[in-house]
Amino acid sequence: MGEELKVIVFALANEEYGIEVDKVRTIERMTPITRVPKTPAFIKGVINLRGVVVPVLDLRGRFGLSESEPTDNSRIIIVAVNDLEVGFIVDSANDVIDIDTDSIDSPPEVIGGIKAKYLRGVAKLGENRLLIMLNLAEVLNKNEIIQLEQLED
Amino acid sequence: MDMNAYLSMFIDESNDHLQSLNENLLRLESEPEDLSIVQVIFRSAHTLKGMSATMGFEDLASLTHEMENVLDLVRNNKLKMDSFIFDTLFKGLDALESMVQDIVGGGTGKADVSPIVTSLQSIVKGDYKTTVPAAGASTHAKDSNVSRDANENMALDEFQISVLKHSMESGHNVYHIQVAVKEDCVLKAARAYMVFDILERNGEVIKSDPSVQELEQEKFDRFFSVYYISQLPEQTLKEQIESVSEIESASVTILDQESMSLLSRPSTAEATAVSAADSSAPSEPAAAESGSTGRTANAKPAAQTSAGAPTRTIRVDIERLDTLMNLFSELLIDRVRLEQLSSEIRRSDLTETVEHMTRVSGDLQNIVLKLRMVPVDSVFNRFPRMVRDLAKSLDKKVDLVISGAETELDRTVIDEIGDPLVHLLRNSIDHGVESIDERIAAGKKDTGTVNLRAFHSGNHVFIEIEDDGKGINRDKVLSIAIKNEVISAEQANSLSDEEVYMLLFAPGFSTADKISDISGRGVGLDVVKSKITSLGGHVSVTSTLGKGTKFSIQLPLTLSIIWAMLIKLGSEKYAIPLSSIVETAIIKREQVRHIHGNRMIEFRNAIIPILSLSRILESPDFDEEQETDTEIVVIRKGDKWAAVMVDEFIGQSEIVLKPLGKYLTNIEAVSGATILGDGQVALIIDPNALIK
């Protein structure tokens, strides 16, 4: 048995992702977002989180998925990593579960390359449910974003 | 001049410095080899000295100066710390503490510290090791002197214990008198005054509990007690006091040596500190013992300080203010929502209530927003006196010209900026401004001018200190830097003037030919730099040889309230700091000229560039090309102007600057964000970035 890990489960384009609960500050409903010019497209802007200005990313955009219009289920997950406080827009967030760290496998090789860095592993939940665990520090790593942009150019 | 305005600041700061001196000295005692601790102690002592001298507490300043001399030797490896030095320094600290206590209690902070000074001087001379017993004897011999000195200054409470002891030795009676006022007494303060009047006629009151001030303000219950020296017999004294009407009883106890020593122990920690400070205590072992108890009791006087400080200001953790501010922003959002709801529901009593709440929360908003902001004047206003005294002691004539004192700065910055500014001003006056003869020889006015300016620019506050003195001598700076091994001779040739000037801020650098008590120990400028860097700002120097030197401090507006013009670009709102707006206007499309590929307009007889904010900010739903009339905001950076085209003016508003967070850094043309009344975030335009 490995250690128990509490994770927040959220959905993004039919897939389920997990973030350790201790990295999550709050989960908010969609609020008006102020656009910040001259930033990568996936940075949606900033919101007022109880008096603090917090930047918000669209995780779909960050992961290179097609962006969609927010729905009633859309949530902003506010995470804090290495004293960075950032919000993630996700399709929905409605579950907290315990997983065993042993059940997390390293990400499949296929994904490979730079993009895989922000994936910590895949956790199997029951028979047909897979949970993609994120490496938050890498999700927020700006150097990697710059590399990605250079690749696209 | 009224010193009260900054007395509480002085007390707060000296307590902080004493606390840090105590802590670091204790740390040093356990790690005597760590010279970095000596540096910290030295800086604290140096600052404390400067502050005390500024406030006119000469005894405090001179004692600190002696302690500093010792520390200077230690710092330069010329002296090894040993237990005697530690003990003496601790005694010195205790004496400083009790002087500050005296100032807190409304006293003058004067004290006879000659025994400690003698010990400190003997340490500097290096002869203390051979003369320790002799010094003990000589202080013994001076006992009568000290006691006479102390007797002349009975009001001093640092010497209460020793005064009482010496009085006993010289045959006076020492009494502890407890007076009870009648329960139905109306004018308690007056009665207490009458008792004191009687006592003063026949002897001296050494200490009263509660203090005389408190008695005068009737801040006591029914009892007060005094320590009193007199020749009168016990019974006469009792009768005299009880003859005052409405005095219920007076119990008079005569004190002897034994009860004295008992009393001095459980009495206040201050008394312990006093006995520790008093190295002239009759018996040597007792002196040693009180030295150590004085140290263990260090925490106590500090705790007392916080309780006893003047209550006109309180210090609040900035984090609490932040929380308050954030909670208030929340409230604001709900208020706007409520207003909207009540206008929909149209019930008069609801509307009235909401309107009242709006007014109250408006006032509350003003207070909350201003809580953290303090005009820089609260730091500046103690400088004129300091400059005057300094100029006098250096025999120079100096005018201090202050401008921009109303510039508001975040409280955190204000708290920290005082010391660096003191150092820089002292530096300018000591090293910058020449003596009267030199000035006349150089063909200048005999009075030097030091300009102290503060102003907002973009999202920074600048504080400049400019003198019209002799300027910085590049060669002299370089030769000293090489001598002090700050840089090598090879490096020296390749440095630009600015880089050479920055050497002044290197640790251990000083161009003073001799050590004065003003500056020139090589602390100061490096403290200035590290302090300002820790505030996220930076300092620069420009100088012209023979004309003068300018130190410029740039500080970030981490959190501050500024006036801004709110504007609209389509659906988006932005704020432009009012400080960089020259004016607003409406122009016609055809007024825009194309000059060499750049768009310009004629404005007040000048040709200035015109910029499209919607292009710079990549506005999704506004393009001024569609309009025939365009609103423009004319902004400036220094003496350069530019016009910025916007969609619509919303109005002026006081806004709170908020950082965009660490994730979003260096966003072009945006200096921060603010939260508008409706809870929405608006970005703040950085006009400095728009003008190239």
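Hi everyone, thanks for coming. Please keep in mind throughout that we are looking at a predicted model.

Let's start where the chains meet. How many residues take part on each side? Chain A brings 24 residues into contact with 27 residues of chain B. Together the two chains bury about 2,200 Å², and carbon and sulfur atoms give 60% of that area. On the chain A side, three residues stand out: A:Arg35, A:Lys38 and A:Val53 supply 28% of the area that chain A buries against chain B, more than any other three residues.

If you want to trace the chain A face on your screen, look for β4 (43–49), β5 (52–58), β7 (84–90) and α3 (142–152), each of which supplies at least two residues to the side that touches chain B.

Over all chains, the structure holds 22 of them. Within chain A, A:Lys6 and A:Asp98 pair at 3.1 Å, N to O. A:Lys6 sits in strand β1 (residues 4–12) and A:Asp98 in strand β8 (residues 92–100), so this pair ties together parts that are 92 residues apart in sequence.

Over in chain B, B:Asp446 and B:Lys397 form a salt bridge at 3.3 Å, N to O. Here the link runs from the loop between α21 (436–441) and β8 (447–457), where B:Asp446 lies, to strand β6 (residues 397–403), which holds B:Lys397; the two are 49 residues apart. B:Asp446 is partly exposed at 28% relative accessibility, and B:Lys397 is partly exposed at 39%.

My next pair is B:Arg604 with B:Glu583, whose closest N and O atoms are 2.7 Å apart. B:Arg604 is in the loop between β16 (598–603) and β17 (606–612) and B:Glu583 is in strand β14 (residues 581–588), so parts 21 residues apart in sequence are tied together. B:Arg604 counts as exposed, at 57% relative accessibility, whereas B:Glu583 is partly exposed at 22%. Chain B also has a network of salt bridges linking B:Glu434, B:Arg439, B:Lys444 and B:Asp468.

Let me turn to nonpolar residues. B:Leu338, B:Leu341, B:Ile345 and B:Met357 make a nonpolar surface patch of about 300 Å². Which element gives the largest share? That is helix α16 (residues 318–345) of chain B, with three residues. B:Met357 comes from helix α17 (residues 348–371) and is partly exposed, at 32% relative accessibility.

For contrast, I'll finish with B:Leu48, in helix α2 (residues 35–55) of chain B. B:Leu48 is buried, with a relative accessible area of 0%. Leaving aside residues up to four places away in sequence, its contacts are B:Ser14, B:His17, B:Leu18, B:Leu21, B:Thr64 and B:Leu96. B:Asn15, 33 residues from B:Leu48 in sequence, is 9.5 Å away from C-alpha to C-alpha.

Definitions and conventions
Residues are numbered from 1 along each chain as its sequence is written. Chains are lettered from A and ligands numbered from 1 in the order in which they are written. This is a predicted model: local features need pLDDT of at least 70, side-chain atom pairs count only at pLDDT 80 or more; totals for chains, interfaces and linings use all residues. Side-chain values use heavy atoms; hydrogens and water are left out. Patches are made of residues with over 30% relative accessible area and no salt bridge: like charges are joined within 9 Å, nonpolar side chains (Val, Leu, Ile, Met, Phe, Trp, Tyr) within 5 Å. Accessible areas come from the Shrake-Rupley method with a 1.4 Å probe; for residues, only the protein chains shown count as cover. A salt bridge is a side-chain nitrogen of Lys or Arg within 4 Å of a carboxyl oxygen of Asp or Glu. Helices (H or I, at least four residues) and strands (E, at least two) are DSSP runs, numbered from the N terminus. Buried means under 20% relative accessible area, exposed over 50%, partly exposed in between (1.4 Å probe, protein chains only). Contact means heavy atoms within 4.5 Å. Buried area is the accessible area (1.4 Å probe) that two parts lose on being put together, summed over both.
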